[in-house]
Amino acid sequence: MTAHVIADDAEALAVAAALADEFRAGACARDVERRLPHAELDRLSASGLLAVTVPADHGGADVGATTLAEIFRLLGTADGSLAQIPQSHFAYVNVLRRQGTEEQRKFFFAELLAGRRFGNAQSEAGTRHVQDIRTRLTPRADGSYVLDGVKHYSTGALFADWIPVLARAEDDALHVAYVPRDAAGVTVVDDWDGLGQRTTASGTVRLDGVEVPADRVLPHHLTFEGPQLHGAVAQLLHAAIDAGIARGALAEAAEFVRTKSRPWFESGLESAAEDPLLIQRFGELAVQVRAAEALLREAARTVEAARAELTDDSAAEASIAVAAAKVQAANAAVEVASALFEVSGTRSALNSLNLHRHWRDARTHTLHDPTRWKIQHIGRYVLNGTRPPRHGLL
């Protein structure tokens with residue numbers, strides 16, 4: 001595969017906007033048919049967007065958090081499934097940036113610039129909680145490892161060239177093994193049947209005696225031993241997806257009311273779009289979306305400021321800012337996608353129109369991690385100055 005190399009933030013945003021317009025056209029049909037977006041992901045790879053966080057000294061654009069969040073927001077306005085697929089890709093690029101050796105970074109950054117994709121094999125089912133990881137990396141005498149385990153909700157794995165696998169090594173500490181998608185012992189099962197985000201292929205990855213060279217394993221546990229932005233950046237992208245879904249749902253609702261809705265007979269108006277009660281509701285929904293977008297931008301700027309001078313305090317500020325953005329974006333996505341039917345009327349509930357895909361995507365994606373815990377961390381920080389914990393979900 002050959003891929004374009006994006007030069008800077010401005011080009012990255014222009015490419016993302018163009019691709020969002022392209023992907024929007026087929027989003028409804030892909031969802032209805034559960035047609036997996038292989039061609040669209042190839043377009044994403046070829047565009048160079050998946051390599052925009054590669055450091056400049058390795059040939060990348062090294063875009064800022066504000067640009068990266070806007071890329072995801074734009075994609076989210078078009079297709080809430082497609083936007084989700086590369087989220088883990090960028091999270092595991094960040095692992096390489098922080099914990100990779102120079103040789104590891106050199107190899108994988110070249111792969112990214114060539115358009116290669118990372119998936120993920122992170123979550124497990126049936127364990128005590130989301131951080132109870134039981135997949136194992138067993139060391140061998142030559143320094144390599146054997147990888148065994150079963151992963152679920154593995155968004156992007158089916159489309160990936162490399163699957164980063166979260167596993168515990170002999171010291172029980174978390175590591176990430178970067179495994180080729182076609183490696184012996186790797187099986188990716190397309191068994192995702194979520195009510196929303198239907199085309200993310202967030203299925204099962206089985207790892208049975210997979211041989212992993214030592215230079216494909218990174219000590220992820222070290223990421224959380226000092227001030228870090230790993231969780232903040234990962235959550236920033238989730239917030240951007242929610243903000244995008246909210247904006248996309250609002251735009252589709254407005255188009256439907258302008259072009260397809262009939263006015264309520266008691267209004268005495270010729271057009272539904274002139275109804276002052278509908279105008280009021282659209283104004284309320286627009287405020288919710290704008291608030292989500294504003295908090296998203298603020299959070300991204302706070303992440304960039306922390307990256308420039310990373311301390312415990314600046315990392316905490318970044319995590320709290322992102323948590324606030326995530327809470328607002330999640331609420332806006334669910335509320336606006338639901339209110340779409342309220343403002344559009346009975347016809348909008350027709351299954352054939354598939355307008356419910358926005359709500360299904362919002363409801364599914366916002367279950368990724370509970371906003372109630374983010375509010376707890378925000379409250380503790382504001383009231384008692386308690387810094388949020390260091391983990392990948394905050």
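Colleague: Which helices each supply at least two residues of the lining of the largest cavity?

Modeller: Those are H3 (65-78) and H4 (87-99), helices being DSSP runs of H or I with at least four residues, numbered from the N terminus. A word on the source: this is a predicted model, where local features need pLDDT of at least 70 and side-chain atom pairs count only at pLDDT 80 or more, while totals for chains, interfaces and linings use all residues. Residues are numbered from 1 along each chain as its sequence is written, and side-chain values use heavy atoms, with hydrogens and water left out.

Colleague: What makes a space a cavity or a pocket?

Modeller: On a 1 Å grid over the protein atoms alone, a cavity is a set of points where a 1.4 Å probe fits but cannot get out, whereas a pocket is an open set with protein on both sides within 12 Å along at least five of seven lines; lining residues have an atom within 4 Å of a point. There are 3 cavities of 30 Å³ or more here.

Colleague: Why do Thr53 and Arg307 count as lining the largest cavity?

Modeller: Both are in its lining, so each has an atom within 4 Å of a point.

Colleague: How is the lining of the largest pocket divided?

Modeller: Into 15 nonpolar, 23 polar and 4 charged residues. Ala, Val, Leu, Ile, Met, Phe, Trp, Tyr, Cys and Pro count as nonpolar, Asp, Glu, Lys and Arg as charged, and the others, Gly among them, as polar. The lining of the second largest cavity has 7 nonpolar, 2 polar and 1 charged.

Notes: Points joined across faces, edges and corners; volume = space filled by probe spheres on them.
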